[in-house]
Amino acid sequence: WPAGTPKYPSHNEVVEYLESYAKHFRLMNRIRFGWKVLEIRRMKKSAAKSIENSAEGQGCAIGADGKITSGDNVFWEVIVEKNCNDTLKESANRREVLQFDFIVLCVGRFGEVPRMPSFPPNKGPEIFKGKVLHAMHYSALDEESARELLKGKRVIVVGLQKSAMEIAVEASIANRDAPNYPCTLIYRRAHWFIP
């Protein structure tokens with residue numbers, strides 16, 4: 001991190017850092033934006049057939065002993081699809097099959113489908129007169145749109161992780177001159193935040 005970066009950088013500062021890191025190490029030409037992984041298959045090189053369901057494919061790339069299994073006769077086939085709004089093109093034209101010797105999966109909890117609680121009928125967001133927005137959708141807004149969305153509104157943030165804290169701070173800043181529009185945090189259990 002550059003000198004002067006706060007202990008708790010904002011999402012904008014994190015994005016700027018990641019972009020500068022990627023540019024510095026010339027990673028941008030190796031990153032595909034707007035692509036979705038549809039399927040990953042472990043394949044045998046000699047016959048180029050899937051071995052996922054065979055006796056040879058029962059195991060993972062890292063064995064129980066923590067050692068990487070031999071990759072001499074296997075590879076990984078990854079089928080990807082370009083996210084495109086042009087519905088006239090057939091999806092097969094947007095798909096590619098890529099091959100790799102090794103794969104690292106980093107599919108944490110910040111996937112593309114927001115986790116929303118379920119509510120009994122007529123007791124959820126549909127009866128609320130305000131706007132209900134998941135943090136994932138909020139983070140897709142530019143700074144000005146986010147500020148306008150929060151300004152002049154009583155905001156409640158459910159949760160206490162990094163996204164919740166950032167949104168609460170932004171809501172407080174957007175309404176700092178309007179004491180009648182507070183931001184309230186609701187969370188299940190208290191956390192200790194350690195820098």
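On the surface of this predicted model, Glu13, Glu16, Glu19, Asp142 and Glu143 gather in a patch of negative charge. A patch is made here of residues with over 30% relative accessible area and no salt bridge, with like charges joined within 9 Å, and Asp and Glu count as negative while Lys and Arg count as positive. Helix 1 (residues 11–24) supplies the largest share of this patch, three residues, where a helix is a DSSP run of H or I with at least four residues and a strand is a run of E with at least two. Glu16 lies in helix 1, and Glu16 is exposed, with a relative accessible area of 53%; exposed means over 50%, buried under 20%, and partly exposed in between, using a 1.4 Å probe and protein chains only.

Because the model is predicted, local features need pLDDT of at least 70 and side-chain atom pairs count only at pLDDT 80 or more, whereas totals for chains, interfaces and linings use all residues. Residues are numbered from 1 along each chain as its sequence is written, and side-chain values use heavy atoms, with hydrogens and water left out.

We can turn next to charges that pair. Side chains of opposite charge can pair when their charged atoms come close. A salt bridge is counted when a side-chain nitrogen of Lys or Arg is within 4 Å of a carboxyl oxygen of Asp or Glu, and by this rule the count comes to seven salt bridges.

One of them joins Glu96 with Arg32, the closest N and O atoms being 3.2 Å apart. Glu96 lies in strand 4 (residues 95–100) and Arg32 in the loop between helix 1 and strand 1 (35–44), so the pair ties together parts that are 64 residues apart in sequence. Glu96 is partly exposed at 31% relative accessibility, and Arg32 is partly exposed at 42%.

Another salt bridge is formed by the side chains of Glu77 and Arg41, at 2.3 Å from N to O. This pair links distant parts of the chain, with Glu77 in strand 3 (residues 74–82) and Arg41 in strand 1, 36 residues apart. Glu77 is buried, with a relative accessible area of 11%, while Arg41 is partly exposed at 22%. Together with Glu39, Arg41 and Glu77 are linked in a network of salt bridges.

Lys162 is partly exposed, at 47%, whereas Glu166, at 16% relative accessibility, counts as buried.

Terms used
Patches are made of residues with over 30% relative accessible area and no salt bridge: like charges are joined within 9 Å, nonpolar side chains (Val, Leu, Ile, Met, Phe, Trp, Tyr) within 5 Å. Accessible areas come from the Shrake-Rupley method with a 1.4 Å probe; for residues, only the protein chains shown count as cover. The place of a charge is taken as NZ of Lys, CZ of Arg, CG of Asp or CD of Glu.
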